Amino acid sequence: MEHLKEYITEELAISVKTKEKFVKENLGQLMKAVELMAQVTLNGGKIIYFGNGGSAADSQHLAAEHVNKLRVQRAALPAIAITTDTSAITSIANDLSFDEIFSRQIEAVGNKNDLAFGISTSGNSSNVIRGLQVARQMGMKTISMTGGSGGRISSEDLADVVLNVDNSNVSSRIQETHIFIGHILIELMDKILMTK
């Protein structure tokens, strides 16, 4: 049992180090992202979150923080996670392609005032790539949140801002950092919006 306790302590240290390194190396990117999110919100646009698996769960979690609240009482903010409509997702995957499950929904509910926020721990999820491509074609702003080498969604042709947890290739450590990043972005956005 002692070795299990050691494992917990070691993993905690790795998780903390991953977050610390990301923040120290990406303060500029974090500020760009929060300013973009605040501007889109102030201009009457919405934030559209999407990703697969754990990133789908993060999308729902973060969209809920906009609509409800995070730390301060304030008006609801426009955001949706396009990971939640099983009828849309399964019909698009069945009739067209799984690669189109996000792009098709962005086509339907997005507009040029919105921001598409694609999340992929590898950066190479085909449906996230396609979602960001369509968002760009529609004139939307885009943010990608990824890990490791950054993958395809870290390219400038897909994302206005890239938030890459590049000091880990372990999905769980990347995802823990992603939800930390998401919370920080929304908290900072709230602070900006409260001054407007």
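The following legends describe close-up views of a predicted model.

Residues are numbered from 1 along each chain as its sequence is written. In this predicted model, local features need pLDDT of at least 70 and side-chain atom pairs count only at pLDDT 80 or more, whereas totals for chains, interfaces and linings use all residues; side-chain values use heavy atoms, with hydrogens and water left out.

**View 1**
The five strands are arranged in the order 2-1-3-4-5, with parallel pairing. Helices (H or I, at least four residues) and strands (E, at least two) are DSSP runs, numbered from the N terminus. Two strands pair if DSSP finds at least two bridges between them. Strand 2 (79-81) and strand 5 (161-165) are the edge strands, each of which pairs on one side only. From one strand to the next, the twist averages 15 degrees, with axes being lines fitted to C-alpha atoms, for helices over the stretch in contact, and angles running from 0 to 180 degrees between N-to-C directions.

**View 1. The pairing of strand 3 with strand 4.**
Five bridges join strand 3 (residues 115-119) to strand 4 (residues 141-147) in the parallel sense. Which residue stands opposite serine 144 of strand 4? That residue is glycine 118.

**View 2. Two aromatic pairs.**
Rings of Phe, Tyr and Trp (its six-membered ring) pair if their centres lie within 6.5 Å; planes under 30 degrees apart count as stacked, over 60 as edge-to-face and the rest as tilted. The count by this rule is two aromatic pairs. In one of them, the ring centres of tyrosine 49 and phenylalanine 117 are 4.9 Å apart and the planes stand at 35 degrees, so the pair is tilted. Because tyrosine 49 belongs to strand 1 (residues 47-51) and phenylalanine 117 to strand 3, this pair ties together parts that are 68 residues apart in sequence. Residues are called buried under 20% relative accessible area, exposed over 50% and partly exposed in between (1.4 Å probe, protein chains only). Tyrosine 49 is buried, its relative accessible area being 1%, and phenylalanine 117 counts as buried at 0%. The rings of phenylalanine 50 and phenylalanine 102 have centres 5.3 Å apart and planes at 45 degrees, so this pair is tilted. Phenylalanine 50 lies in strand 1 and phenylalanine 102 in the loop between helix 3 (86-95) and helix 4 (103-109), so placed that the pair links distant parts of the chain, 52 residues apart. Both phenylalanine 50 and phenylalanine 102 are buried.

A salt bridge is a side-chain nitrogen of Lys or Arg within 4 Å of a carboxyl oxygen of Asp or Glu. The whole structure holds nine salt bridges. In one of these, the side chains of arginine 173 and glutamate 11 meet at 2.2 Å, N to O. The pair links distant parts of the chain, with arginine 173 in helix 6 (residues 171-194) and glutamate 11 in helix 1 (residues 2-42), 162 residues apart. Arginine 173 and glutamate 11 are both buried.

**View 3. Two salt bridges with partly exposed partners.**
Lysine 21 and glutamate 25 form a salt bridge, with their closest N and O atoms 2.8 Å apart. Because they are four residues apart in helix 1, about one helical turn separates them. Lysine 21 is partly exposed at 31% relative accessible area, and glutamate 25 is partly exposed at 47%. Arginine 136 and aspartate 160 form a salt bridge as well, the closest N and O atoms being 3.1 Å apart. Arginine 136 is in helix 5 (residues 126-137) and aspartate 160 in the loop between strand 4 and strand 5, 24 residues apart. Arginine 136 is partly exposed, with a relative accessible area of 25%, and aspartate 160 is partly exposed at 36%.

**View 4. The surroundings of histidine 178.**
Histidine 178 is in helix 6 and counts as buried at 0% relative accessibility. What does the side chain of histidine 178 reach at 2.8 Å? It reaches the backbone oxygen of threonine 146. Leaving aside residues up to four places away in sequence, histidine 178 touches Asp58, Ile119, Ser120, Thr121, Met145, Thr146, Gly147 and Val165, where contact means heavy atoms within 4.5 Å.

How values were computed: A polar contact is a pair of N or O atoms within 3.5 Å; within protein, one must be able to donate a hydrogen and the other to accept it, and residues adjacent in sequence count only if both atoms are side-chain atoms.
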